Amino acid sequence: MKDLTKNNIYKTFIIFAIPMVFSGLLNQAYNAIDTIIAGKFLGSDGLAAMGATSALIQLISSAFWGYGTGFSIYIANLFGAREYRKIKASIYSNCLAMLAASIVITILVMCFHEQIFDILKVDYSIRRQAYEYFAVYMSGLFIIISNLIGTYIMNAFGISTFPFCISVISAVLNIIGNIFTVAVLKMGITGLAVTTVTASAIALVCYVVKLYLCFKEMGVLKERVKPGFGYIKDAFSCSSAVMLQQMIMYFASTGISPFINGIGSYASAAYTVILKIYDLNSTIYQNSAKVLSNYTAQCMGAEKYKNIARAVKIALIQGIAFTAPTLLICIFFASSVTSLFFPKGDTGTAFCYAVSFSRLCLPFILFNLINNLFHAFFRGVKALKFLIICTAFGSVIRMATSIICIWKFRIYGLFLGWIVSWLAECILAFLIYHSKKWQPPEMKSALAN
């Protein structure tokens with residue numbers, strides 16, 4: 001475990017960020033490999049079946065991602081204040097709450113999956129495959145989510161190398177498992193979901209063992225704690241805004257999904273690949289920005305306010321430096337990167353759409369990099385009102401622009417919606433940051449003295 005506020009800030013950011021960035025890349029790598037195997041072995045229908053419900057899966061998962069991200073900030077604050085017993089009780093209580101929530105959500109969506117598929121306009125030619133993938137994934141939802149929560153908790157403790165090691169193990173398990181279930185056992189798209197759940201279960205066991213060792217180091221391993229609503233309430237007060245922010249963001253994607261599926265299965269297939277290329281780039285700056293969230297949260301807990309402004313500048317430079325290599329490869333070698341997801345020689349409509357995204361839309365992702373940086377900052381300083389305002393503003397613009405433009409420009413309207421929303425939100429977030437309205441009273445008082 002590590003107090004991020006005690007050492008040289010440049011060294012802290014680099015050392016803490018590198019494992020997190022590579023961990024995120026590995027996670028996206030094996031997610032991309034799922035898509036590659038689906039495309040190579042199952043063709044465009046396999047890609048379309050994965051993409052048809054991806055927006056819904058992301059929307060459901062976003063509630064837990066948001067809660068986990070906010071919970072990480074809450075734990076980082078407690079860690080900075082050295083309230084170790086409360087950390088143990090909070091983790092215990094909130095994990096039980098997330099287990100209960102995931103069970104209820106899984107039951108509901110599986111009972112009403114036909115109606116949901118109708119709303120999403122899932123093409124009937126791929127509906128059976130889409131259901132098989134969706135059913136297995138949702139059955140293992142808590143296991144998959146718990147894996148991510150474990151990463152967030154470790155980050156709050158100032159630990160980034162362990163999640164990286166777990167990502168390596170998960171990546172290897174996913175690659176081997178995907179090839180075995182799809183190519184050998186001929187399980188089709190179901191095999192991809194089974195492998196994802198299995199690898200996540202193994203990773204979860206590793207996180208439980210690591211958490212045991214952390215409690216031992218804190219000196220609270222043998223202290224008995226009982227789950228309590230008070231711990232959930234405290235964490236929820238910090239996490240609810242981040243959870244809402246994440247859901248707003250992915251609600252926009254879900255709202256657009258029926259319009260994409262309505263174009264045809266080839267558009268669904270293209271969107272699956274587009275999301276993987278986008279995620280491959282965005283995960284780099286998202287994980288890099290987590291350093292800023294955890295650093296500022298520990299600074300707030302330790303009342304070291306003067307370190308925060310410089311941290312934002314360092315995080316911006318670091319995010320661009322980490323993202324640039326992958327981004328440039330995806331832009332300048334768009335055809336080669338996209339071809340990885342399709343059968344050899346397939347240069348159909350879906351392929352062309354995905355290539356166009358990399359060439360026309362992806363360069364503007366730098367605006368979203370800045371947005372994500374401000375999101376991380378607002379989370380760290382608990383300026384959650386501004387976090388929600390920025391996200392809601394960008395999401396509304398994206399939905400409105402995309403839906404209007406898709407009618408005329410087809411999938412290119414989706415690209416335009418992304419670009420316009422990234423730019424608009426970037427301007428708003430920048431203005432809010434420089435207004436300093438996010439500063440809490442105690443911080444203003446301390447900086448004035």
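Me: What makes up the lining of the largest pocket, by residue type?

Reply: In this predicted model, the lining splits into 17 nonpolar residues, 2 polar and 1 charged. Cys counts as nonpolar, along with Ile, Leu and Val.

Me: Which residues sit closest to the centre of that pocket?

Reply: I91, C95, L204, V208 and L211, out of the 20 residues that line the largest pocket. Two or more lining residues come from each of α3, α6 (141-156) and α8 (189-218). The space inside is about 430 Å³.

Me: And what about the second largest pocket, how much space lies there?

Reply: About 190 Å³. Its lining includes A309, V312, K313 and L316, as well as F374, F430 and H434. Helices α11 (308-332), α14 (365-380) and α16 each give at least two residues to that lining.

Me: What does the F357 and W418 pair tie together?

Reply: F357 belongs to helix α13 (residues 349-361) and W418 to helix α16 (residues 411-435), so the contact links parts that are 61 residues apart in sequence.

Me: How do you know whether F357 and W418 are buried or exposed?

Reply: By relative accessible area: F357 has 0% and W418 has 4%. Buried means under 20%, so both qualify.

Me: Why does the pair F378 and F386 also count as tilted?

Reply: Its centres are 6.2 Å apart, with 40° between the planes. The distance is within 6.5 Å and the angle lies between 30 and 60 degrees, so tilted is the word again. F378 and F386 are both buried.

Me: How many aromatic pairs does the whole structure hold, and which residues form one aromatic cluster?

Reply: The search finds 27 pairs. The cluster is made of Y266, Y278, Y353, F357, Y412, F415, W418 and W422.

Me: What makes R127 count as sitting over the ring of Y124?

Reply: The charged end of R127 is 4.1 Å from the ring centre of Y124. The distance cut-off is within 6 Å, so R127 meets that part of the test. K408 over the face of F409 is another case, at 5.9 Å from the ring centre, and that value is within 6 Å too.

Me: Now the backbone. Where is R82 found, and what is its phi?

Reply: R82 is in the loop between α2 (54-80) and α3 (84-111). Its phi is near 60°, a positive value in a residue other than glycine.

Me: Where is K121 found, and what is its phi?

Reply: K121 is in the loop between α4 (113-120) and α5 (127-139). Its phi is positive, about 55°, although K121 is not a glycine.

Me: Why are R82 and K121 called partly exposed?

Reply: R82 has a relative accessible area of 46%, and K121 has 46%. Buried is under 20% and exposed is over 50%, so these values fall in between.

Definitions and conventions:
Residues are numbered from 1 along each chain as its sequence is written. This is a predicted model: local features need pLDDT of at least 70, side-chain atom pairs count only at pLDDT 80 or more; totals for chains, interfaces and linings use all residues. Side-chain values use heavy atoms; hydrogens and water are left out. Rings of Phe, Tyr and Trp (its six-membered ring) pair if their centres lie within 6.5 Å; planes under 30 degrees apart count as stacked, over 60 as edge-to-face and the rest as tilted. Helices (H or I, at least four residues) and strands (E, at least two) are DSSP runs, numbered from the N terminus. Buried means under 20% relative accessible area, exposed over 50%, partly exposed in between (1.4 Å probe, protein chains only). A charge sits over a ring if NZ of Lys or CZ of Arg is within 6 Å of the ring centre and within 35 degrees of the ring normal. On a 1 Å grid over the protein atoms alone, a cavity is a set of points where a 1.4 Å probe fits but cannot get out, and a pocket is an open set with protein on both sides within 12 Å along at least five of seven lines; lining residues have an atom within 4 Å of a point. Grid points are joined across faces, edges and corners, and a volume is the space filled by probe spheres set on the points.
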